[in-house]
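The chains are shown first.

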Amino acid sequence: MTTGPATPPRQPPPSVGRRWRWRSQATRGLLWQAALVLVLALIAWYLTHNTLENMRARGIQSGFDFLLQQAGFSIGESIIDFNSAEPYWKAFLVGLGNTLRASIAGIVLCTVIGTLIGIGQLARSLLLRKLCKAYVELFRNVPVLLQLLVWYLLLTDWLPDTTAALRPLLFPDSGIYLSKNGLSYPLPVWEAGHLLTLIGCFAGLVLAWRYRRRAARDFEQSAQARAMFWPMLGLVAASSLAGWMLGGMPSGLDIPQTGDMNLSGGGSLTPEFLAITLGLSIYTASFVAEAVRAGIQAVPHGQLEASRSLGLSREQALRLVLLPQALRVTIPPLTNQYLNLTKNSSLAVAIGYPDLVSVANTTLNQSGRAVECIVVIMVIYLVLSLATAWLMNWYDRRAAIRER
Amino acid sequence: MSAVFTSIPARAAPLRMLGARPWIRTRLFPDWTNGAATVLIAALLAWFLPQLLDWALFNAVFSNDNAACRAVAHDAARPGACWGVITEKYRVILFGRFPHADHWRPLLASLILVLMLVASCRPRCWRRWLAPAWIAAFAAFFLLMRGGVAGLTYVETARWGGLPLTLLLATLGIAAAFPIAVLAALGRLSPLPAVRAACIGYIELVRGVPLISVLFMASFMFPLFLPPGMTPDVLLRVLAGITLFAAAYLAEVVRGGLQAIPVGQIEAAKSLGLGYWQTQRRIALPQALRHVVPAIMNSFISTFKDTSLVTVVSLYELTGALGLALRGDTDWRPFYFEAYLFIAIIYWTGCYAMSSYSHWVERRLAVSNQTTGNAR
């Protein structure tokens, strides 16, 4: 036991409870918030009151029960079967499907074009660099609606009729036709043998995954890195091919036939779909290109030199050092552009592609339920946006540089 | 055995980098792939440019002679553009359904807005009188367009259209959005949870939906929101929609600027005894806004392009007026493409000028940050 001078017991600190005085910050904060909530509630009440009053005066019915009623209009193209006798909610579903179809095709295409143009902007050839720069400046400074209208005009007005449809220059008999009625292309016919191909592909994926795990373990033990990309691709390809051969090599193709008036058979894309996909992806690609360029330029050249001097191969340096750093800069604006593209797909209403907004517009004019239709559009887009934002945050947390 | 010192061979003298040949080598043929790209692009341009020039200039028809236009358009061997459609229709495209005899009024009104825009871009004009000047400009615009005073005939807003409408929607939309955006940005950074929640709710809700749904709302739902018997003008409703939409995006821009201000600035202001509003108005906002001028400019460009969507709710700005001019006219309808190009050039010129300006401001800001040693 230690014997020292007895310290006097410490006084308990004076209680620092909140003092609800008029001049204290806490009081004022609370009052401000109370006032805001009150004002917002009053506005909300006033608007609802007026809306109900107006609806009663004009004899507008309200409620979402109309979703179960018969739609009474048909939709030009859809992924699921739809006819006019089916209810409104299914029409909305068809519209959502079309929105997603155009958006996903647009996102893939704009990523490909944008990446190429973005890299081209940093090429050493002056001509290539200027051409890519010109692309960006040309397409991002014209409203996307105008671009969609121009593409639609070109696809429906300048292309020849089906009887004189354009064919690919190199393979004129491959069964690909481009005309006023859209793009027609051959489609493989589904046979039982294709099932084995799919099984083979799946088996290849499993094998590739196991190879990757094994290579990672070996690397941990012996520090010997193995090639990754080509062996994995080879495994998947070989195993799919084996499945296809086991299935009896089904090769039936449904090739479009030129008739007197129109093409029949095969797969086809409507001019509306082509216009919206092309227009959106070419417009968005100009923004993607800028994001890609910024990402590449954000990695200092010393990073490449340092990784090379550590003995990494060029490919390894690119994969392990440069790309992760460039992607960290590129991915957030890229996601933003994908969201913009999805939201811009609502412009389909201007060229008659039956997307969600277009279906909602028709429904609105038919049923008169304006509030409900607009709420449906907004909620669906909001869910899409919030889901993407959530994914984005998850990626940000994962990709954040972990500092000590 | 000891290593014998042998010097490595001397490096060759550096290549001459001046003159035409090194310029061509480093910029056009630095290596095989880039050289191939150069050759390919040059070949494509050599094949395509003469045809384009021939179509657009040498073989084009510039007078409003419909028969000549049709002839040159159907000439398969050597097609030409029909700019006659613009000679014939430019007044309807630019001014919509405004009474023909009074076209000087929308012209003058557009000029006022363009001049104000140019003036606001000069840092010399970033003074206190800019806000009142804009209010005066909008007042002059409305007087000129609406008429009803000083001997001008009254023209209802339903007949406004074309370029003045595009300019009005973009400038007034952003101008009205600005105060809302500043308040929403301050609210989003506020320590008060209810204020923060309300502002985040507004910003994320609007940013999550497409503009077209906001315009539908302005067109179909706003009349229901107001007391019975009160139906505001469709132009006013659409303006309100565009303002609310632009404000949400602008709020995020302003928030970026506010967050870039060093905390020390705010602490210093507090220790000087400034209150919340004084701190924001005199210390935080002036620095924040200066930083985000390029981003504000980009917002403005987006809004300018977005105004083309109001044609969906039947307001005839440039894109809508074009449809108005050509849809019902079988003579000139085949020449939609040339007309589209015409308004595309108008939009492109405006947007390109503004984005060049925004780059210029960005460089200027970077320089001033370096010289004053400001943290970003």
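## Aromatic contacts and helix packing

The model is a predicted one. Tyr283(A), with a relative accessible area of 10%, is buried, because it falls under 20%. Both residues belong to helix α7 (residues 271-298) of chain A, where they are four residues apart, so about one helical turn separates them.

How are these two rings placed? A pair of aromatic rings is described by the distance of the centres and the angle of the planes. For Tyr283(A) and Phe287(A) the centres are 5.3 Å apart and the planes stand at 65 degrees; the pair is edge-to-face because the angle is over 60 degrees. Over all chains, the structure holds 19 aromatic pairs. One aromatic cluster is formed by Trp158(A), Trp55(B), Trp83(B) and Phe337(B).

| Arginine | Ring | Distance to ring centre |
|---|---|---|
| Arg213(A) | Trp209(A) | 5.2 Å |
| Arg207(B) | Tyr249(B) | 5.6 Å |

In chain B, helix α6 (residues 130-146) packs with helix α7 (residues 163-188). Two packed helices are described by the angle between their axes and the distance between the axes. For α6(B) and α7(B) the angle is about 150 degrees and the axes are 12 Å apart. The crossing of α6(B) past α7(B) is left-handed. On the α6(B) side the contact is made by Trp134(B), Phe138(B), Phe141(B), Phe142(B) and Met145(B), and on the α7(B) side by Pro164(B), Leu168(B), Thr171(B), Leu172(B) and Ala175(B). By class, the residues of this contact are nine nonpolar, one polar and no charged.

Two further residues in helices can be set out in turn. Ile41(B) is placed in helix α2 (residues 32-58) of chain B. With a relative accessible area of 8%, Ile41(B) is buried. Leaving aside residues up to four places away in sequence, Ile41(B) touches Leu127(A), Leu128(A) and Leu131(A). From C-alpha to C-alpha, Ile41(B) and Arg333(B) are 35 Å apart in space, and 292 residues apart in sequence.

Leu31(A) lies in helix α1 (residues 25-58) of chain A and is partly exposed at 41% relative accessibility. A separation of 36 Å holds between the C-alpha atoms of Leu31(A) and Arg397(A), which are 366 residues apart along the chain.

Technical notes: Residues are numbered from 1 along each chain as its sequence is written. Chains are lettered from A and ligands numbered from 1 in the order in which they are written. This is a predicted model: local features need pLDDT of at least 70, side-chain atom pairs count only at pLDDT 80 or more; totals for chains, interfaces and linings use all residues. Side-chain values use heavy atoms; hydrogens and water are left out. Axes are lines fitted to C-alpha atoms, for helices over the stretch in contact, and angles run from 0 to 180 degrees between N-to-C directions. Helices (H or I, at least four residues) and strands (E, at least two) are DSSP runs, numbered from the N terminus. A crossing is left-handed if the near helix is turned anticlockwise from the far one by less than a right angle, and right-handed if clockwise. Contact means heavy atoms within 4.5 Å. Ala, Val, Leu, Ile, Met, Phe, Trp, Tyr, Cys and Pro count as nonpolar, Asp, Glu, Lys and Arg as charged, and the others, Gly among them, as polar. Rings of Phe, Tyr and Trp (its six-membered ring) pair if their centres lie within 6.5 Å; planes under 30 degrees apart count as stacked, over 60 as edge-to-face and the rest as tilted. Buried means under 20% relative accessible area, exposed over 50%, partly exposed in between (1.4 Å probe, protein chains only). A charge sits over a ring if NZ of Lys or CZ of Arg is within 6 Å of the ring centre and within 35 degrees of the ring normal.
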